[in-house]
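Please open the model in your viewer and keep the sequence panel beside it. The tour below moves from one selection to the next and says what can be found at each stop.

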Amino acid sequence: MPTASRTSPASSRRASCRELAACYDDDARFRSTIAMARHGFGRGEYRYFAYPLPAALAQWRAALYERLVPIANRWHAAMGLADDFPPTHADFLARCHAAGQRRPTPLLLRYGPGDYNCLHQDLYGAHVFPLQVAILLSQPGEDFDGGEFVLTEQRPRMQSRAQVVPLCRGDAVVFAVNQRPVQGSRGPYRVAMRHGVSRLRRGRRHALGLIFHDAT
């Protein structure tokens with residue numbers, strides 16, 4: 001009698017992450033490749049997807065945008081910024097494209113031993129959605145060692161503060177692109193944020209970046 005097998009959620013997530021990481025070598029999916037050392041960004045490499053995006057990426061980008069847009073609008077109001085964001089990602093992309101920001105920004109990153117990503121901000125043009133998402137596609141301790149995701153915040157008149165975000169394969173981190181509001185004793189104030197990846201000691205690390213604004 002035949003038996004049916006069931007894939008566990010962990011197995012399904014592992015397979016999905018490996019499938020996405022494996023498409024890094026499919027040139028037809030990407031519009032450009034950046035060698036970080038060449039530009040002083042660190043060491044390692046990343047590739048920007050071309051339009052049309054893979055269907056799953058386009059769906060994730062749109063769905064996550066709709067979950068995050070209320071937070072983005074609250075942040076802008078708290079920081080005294082006049083512009084707000086439309087409820088759908090399609091409408092926000094139309095705004096970007098009308099301003100000349102037409103190049104897609106979702107990207108795959110690949111790191112090997114000794115590679116790292118300097119602290120930076122992914123701005124790309126005048127229209128910036130204030131939150132973005134990174135998804136780790138490799139398993140720490142199994143596929144690589146080191147390579148921690150790092151956030152820093154620069155508070156007014158204070159030294160920068162760093163935070164390491166522990167991630168496992170398939171985990172996502174949502175973080176500020178540029179600035180976020182912090183409630184102080186005299187009201188909200190702006191904190192500048194940067195992110196990066198510490199040096200890889202062993203193995204290979206893949207990650208997916210979902211940025212919601214397009215680039216000039």
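A residue is called buried when its relative accessible area is under 20%, exposed when it is over 50%, and partly exposed in between, with a 1.4 Å probe and protein chains only. The model is a predicted one, in which local features need pLDDT of at least 70 and side-chain atom pairs count only at pLDDT 80 or more, while totals for chains, interfaces and linings use all residues. Residues are numbered from 1 along each chain as its sequence is written, and side-chain values use heavy atoms, with hydrogens and water left out.

**First stop: His-89 and helix 4**

Select His-89, which is found in helix 4; helices (H or I, at least four residues) and strands (E, at least two) are DSSP runs, numbered from the N terminus. His-89 counts as buried, because its relative accessibility is 5%. Apart from its neighbours within four places in sequence, His-89 is in contact (heavy atoms within 4.5 Å) with Arg-61, Ala-62, Tyr-65 and Phe-212.

Now extend the selection to the buried residues of helix 4, which are His-89, Phe-92, Leu-93 and Cys-96. Looking down the axis of helix 4, you will find these buried residues within an arc of 100 degrees, so they line one face of the helix; the arc is that of the directions from the helix axis to the C-beta atoms. The face turned away from this buried side carries the exposed residues Ala-90 and Ala-98. After helix 4 comes Gly-100, which has a positive phi near 90 degrees.

**Second stop: helix 3 against helix 4**

Axes here are lines fitted to C-alpha atoms, for helices over the stretch in contact, and angles run from 0 to 180 degrees between N-to-C directions. Helix 3 (residues 55-78) and helix 4 (residues 89-98) pack at an angle of about 100 degrees, and their axes are 9 Å apart. The two helices are therefore roughly perpendicular to each other, given that angles under 35 degrees count as roughly parallel, over 145 as roughly antiparallel, 65 to 115 as roughly perpendicular and the rest as oblique. Helix 3 brings Arg-61, Ala-62 and Tyr-65 to the contact, and helix 4 brings His-89, Phe-92 and Leu-93.

Select Phe-85, whose place is in the loop between helix 3 and helix 4. Is Phe-85 buried or exposed? With a relative accessible area of 6%, Phe-85 is buried. Beyond its neighbours within four places in sequence, its contacts include Tyr-65, Val-69, Phe-92, Arg-95 and Phe-129. The C-alpha atoms of Phe-85 and Pro-70 are separated by 8.5 Å, although these residues are 15 residues apart along the chain.

Centre on strand 6 (residues 131-136), where six of six residues are buried. In a regular strand the side chains alternate between the two faces of the sheet. Leu-131, Val-133 and Ile-135 point one way from strand 6, and Gln-132, Ala-134 and Leu-136 point the other way. Five bridges join strand 6 to strand 10 (residues 172-176), and five bridges join strand 6 to strand 14 (residues 205-211). Gln-132 stands opposite Phe-175 in strand 10, and its bridge partner in strand 14 is Ile-211.

**Last stop: two backbone details**

Select Tyr-51 and Pro-52, which are joined by a cis peptide bond with omega about -5 degrees; Pro-52 lies in the loop between strand 3 (45-49) and helix 3. Finish at Tyr-124, in the loop between strand 5 (116-120) and strand 6, where phi is near 75 degrees, a positive value in a residue other than glycine. Tyr-124 is partly exposed, with a relative accessible area of 23%.

Note on methods
Two strands pair if DSSP finds at least two bridges between them.
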